[in-house]
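Please open the model in your viewer and keep the selection tool at hand. The tour below goes from one selection to the next and says what is there each time.

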Amino acid sequence: MRWSGPVVACSFAEWLNRARIQLGGNMSDTARVLDSGESCPRLPLVEGEGDARAVAWPGVGSKLRSMTLIELAGAASTIPLRHEMEAVYYIISGTGSVND
């Protein structure tokens, strides 16, 4: 898979509901605010101008999911990505495509 822009697979509320069903309703109702700034580890995922940082990962206590903030400029794209499980992409602005 190679990512290069905005596709919203589902809303966060829908994703959360699906996750609760898949985990038998055993998810915590506690929310945690994570930093997505310069303190996050950089990941070598971008070809061209852009940046990728790990936001939610085992280093901050994440056990079942991870979240990566990816910023792409102009014609930049991610390197080909492979996911053993499902992946959700949320686009804040811009356009693009996913090649599967």
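## First stop: A52

Begin by selecting A52, which counts as buried because its relative accessibility is 1%, where buried means under 20% relative accessible area, exposed over 50% and partly exposed in between, with a 1.4 Å probe and protein chains only. This is a predicted model, in which local features need pLDDT of at least 70 and side-chain atom pairs count only at pLDDT 80 or more, while totals for chains, interfaces and linings use all residues. Residues are numbered from 1 along each chain as its sequence is written, and side-chain values use heavy atoms, with hydrogens and water left out.

A52 sits in strand β3, residues 50-56; helices (H or I, at least four residues) and strands (E, at least two) are DSSP runs, numbered from the N terminus. Next, show the contacts of A52, a contact being heavy atoms within 4.5 Å. When neighbours within four places in sequence are left aside, A52 is in contact with P41, R42, L43, L45, V46, T68, L69 and I70. Then select L72 as well: from C-alpha to C-alpha it is 8.6 Å from A52 in space, although the two are 20 residues apart in sequence.

## Second stop: D51

Move to D51, which is also found in strand β3. Is D51 buried or exposed? D51 is buried, with a relative accessible area of 17%. Leaving aside the neighbours within four places in sequence, D51 is in contact with R42, V46, L69, I70 and E71.

Now display the side chains of D51 and R42, which form a salt bridge with the closest N and O atoms 2.4 Å apart; a salt bridge is a side-chain nitrogen of Lys or Arg within 4 Å of a carboxyl oxygen of Asp or Glu. Side chains of opposite charge can pair when their charged atoms come close. R42, at 47% relative accessibility, counts as partly exposed.

Select R53, which is buried with a relative accessible area of 7%. E38 counts as exposed, at 60% relative accessibility.

E71 lies in strand β4 (residues 67-72) and R53 in strand β3, so the pair ties together parts that are 18 residues apart in sequence. At 41% relative accessibility, E71 counts as partly exposed.

Finally, select E38, R42, D51, R53 and E71 together, for these residues are linked in a network of salt bridges. By the rule given above, the count of salt bridges comes to five.

## Last stop: the whole chain

Of the 100 residues of the chain, 20% count as buried. Among the contacts in the chain with a separation of 6 or more, 58% are between residues 24 or more positions apart.
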